[in-house]
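Look at the model below with its charged and aromatic side chains displayed. The paragraphs that follow go through them group by group.

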Amino acid sequence: MFYQYAISLRGVSKMSRIKPLIRFMAAQKSRKLDKILSSPAEHSERLLRQLLRRHANTKFGREHGFATIRTPEEFAERVPLRTYEDMSPYLELVKKHPDGKILSADPVYWYYQSSGTSGKPKALPVTRPGMKQIAEGGALMWLKYIDASPEHANLFDGKMVMFG
């Protein structure tokens, strides 16, 4: 019996065999994204509060009163939009003291090199928790796409090139 099963799989790609698992995982994660999208403002505010608490004791957090900010409106008042040049003193401090709790409570893990579309390329600090959050968001997006239609699982057929 096993021999017959093995023979029947000969012409089937390995990726085709894992499509049901991928679709199951996509459906599970799709529900998580649906929950987030059902109340995006509440989700965003909860995330903002978590970030403010986590980074309240950084140089930037102390200077802008992260510990006492309670609403998105308060955050917008105390932390105005800035250019890269406005942030460069903080970024220079981060380069000198990557574990110094300047912009983040987490140490710098890596520097992302921007493409330089607004001038010369810039090195932007990245932390492990920040990288994880971005990766999880990207994964949710792809899994939602796969869950939207059975044909979308064909994304895994053939060869793929991915850039991170």
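## Charged and aromatic side chains

K132 and E136 form a salt bridge, with their closest N and O atoms 3.8 Å apart. The model is a predicted one, and this distance passes the test for a salt bridge because a Lys or Arg side-chain nitrogen has to lie within 4 Å of a carboxyl oxygen of Asp or Glu. Both residues belong to helix α7, where they are 4 residues apart and so separated by about one helical turn. K132 is exposed, at 54% relative accessibility, since the class of exposed residues begins over 50%. E136, at 41% relative accessibility, is partly exposed.

E63 forms a salt bridge with K59, and 2.9 Å separates the closest N and O atoms. This pair sits in helix α4, which covers residues 59–63, and the two residues are 4 residues apart, or about one helical turn. E63 is partly exposed at 42% relative accessibility, and K59 is partly exposed with a relative accessible area of 28%.

The structure holds 6 salt bridges. The closest N and O atoms of K144 and D34 are 2.5 Å apart. K144 counts as partly exposed, with 26% relative accessibility. D34 is partly exposed too, with a relative accessible area of 36%.

Next come charges on the surface. K35, R46, R49 and R53 gather there in a patch of positive charge. Residues in such a patch have no salt bridge, because the rule for patches leaves out residues that have one. Which element gives the largest share of the positive patch? That share, 3 residues, comes from helix α3, which spans residues 40–55. R53 is a residue of helix α3, and R53 is exposed, its relative accessible area being 60%.

The aromatic side chains are the last topic. A pair of aromatic rings is described by how far apart the centres are and by the angle of the planes. In this model the count comes to 5 aromatic pairs. The rings of F66 and F75 have centres 6.3 Å apart and planes at 50°, so this pair is tilted. Is F66 buried or exposed? F66 counts as buried, at 8% relative accessibility, while F75 is partly exposed with a relative accessible area of 25%.

W110 and Y112 form an aromatic pair of the edge-to-face kind, with 6.2 Å from centre to centre and 65° between the planes. W110 counts as partly exposed at 40% relative accessibility, and Y112 counts as partly exposed at 41%.

Which residues form one aromatic cluster? F60, F66, F75 and Y90 do, and the tilted pair described above, F66 and F75, is part of that cluster.

Technical notes: Residues are numbered from 1 along each chain as its sequence is written. This is a predicted model: local features need pLDDT of at least 70, side-chain atom pairs count only at pLDDT 80 or more; totals for chains, interfaces and linings use all residues. Side-chain values use heavy atoms; hydrogens and water are left out. Patches are made of residues with over 30% relative accessible area and no salt bridge: like charges are joined within 9 Å, nonpolar side chains (Val, Leu, Ile, Met, Phe, Trp, Tyr) within 5 Å. Accessible areas come from the Shrake-Rupley method with a 1.4 Å probe; for residues, only the protein chains shown count as cover. Lys and Arg count as positive and Asp and Glu as negative; His and the chain ends are not counted. The place of a charge is taken as NZ of Lys, CZ of Arg, CG of Asp or CD of Glu. Buried means under 20% relative accessible area, exposed over 50%, partly exposed in between (1.4 Å probe, protein chains only). Rings of Phe, Tyr and Trp (its six-membered ring) pair if their centres lie within 6.5 Å; planes under 30 degrees apart count as stacked, over 60 as edge-to-face and the rest as tilted.
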